[in-house]
Amino acid sequence: MEFRLSPRVREALKPLTRNRLASRPISLALLVKATRSVEPNIPLSDEELANLLAQELIHHGCAIDFDIREGFRHDLTDLDRPEQSAG
């Protein structure tokens, strides 16, 4: 059975796809995190969800930052913290 993004998730993506020409590439890591906060029971791995989200964004011509790597979910909490300067 093929999993599809819910109408709720597709609706949440609309502002990103409308502003695609004026915006920077969309971070897949942040998008997976945001999607899981809206729909926490999606029965997919983070990588599978990232692939579905990327397909949807590509369909709408959006630029994507493929910042997903194996095991990235453990690093998502770091995305909420401001970067520390190395000085």
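Let's start at one residue: leaving aside residues up to four places away in sequence, Glu56 touches Leu5, Arg10 and Leu13, where a contact means heavy atoms within 4.5 Å. Glu56 sits in helix α3, which covers residues 46-59. With a relative accessibility of 14%, Glu56 counts as buried; the label buried stands for under 20% relative accessible area, exposed for over 50%, and partly exposed for what lies in between (1.4 Å probe, protein chains only).

Before going further, a word on the source: this is a predicted model, in which local features need pLDDT of at least 70 and side-chain atom pairs count only at pLDDT 80 or more, while totals for chains, interfaces and linings use all residues. Numbering runs from 1 along each chain as its sequence is written, and side-chain values use heavy atoms, with hydrogens and water left out.

Now step back to the whole chain. The protein chain has three helices and two strands, arranged along the sequence as α-β-α-α-β. These are DSSP runs numbered from the N terminus, with helices being H or I of at least four residues and strands E of at least two. Among contacts with a separation of 6 or more, 66% join residues 24 or more positions apart. Of the 87 residues, 30% count as buried.

How far can you trust the coordinates? The mean pLDDT (the predictor's confidence in each residue, from 0 to 100) is 77, and 74% of the residues reach 70 or more. Over residues 74-87, however, pLDDT stays under 50, and the model has six contacts beyond four places in sequence for this stretch. Where pLDDT is low, predicted coordinates should not be read in detail.
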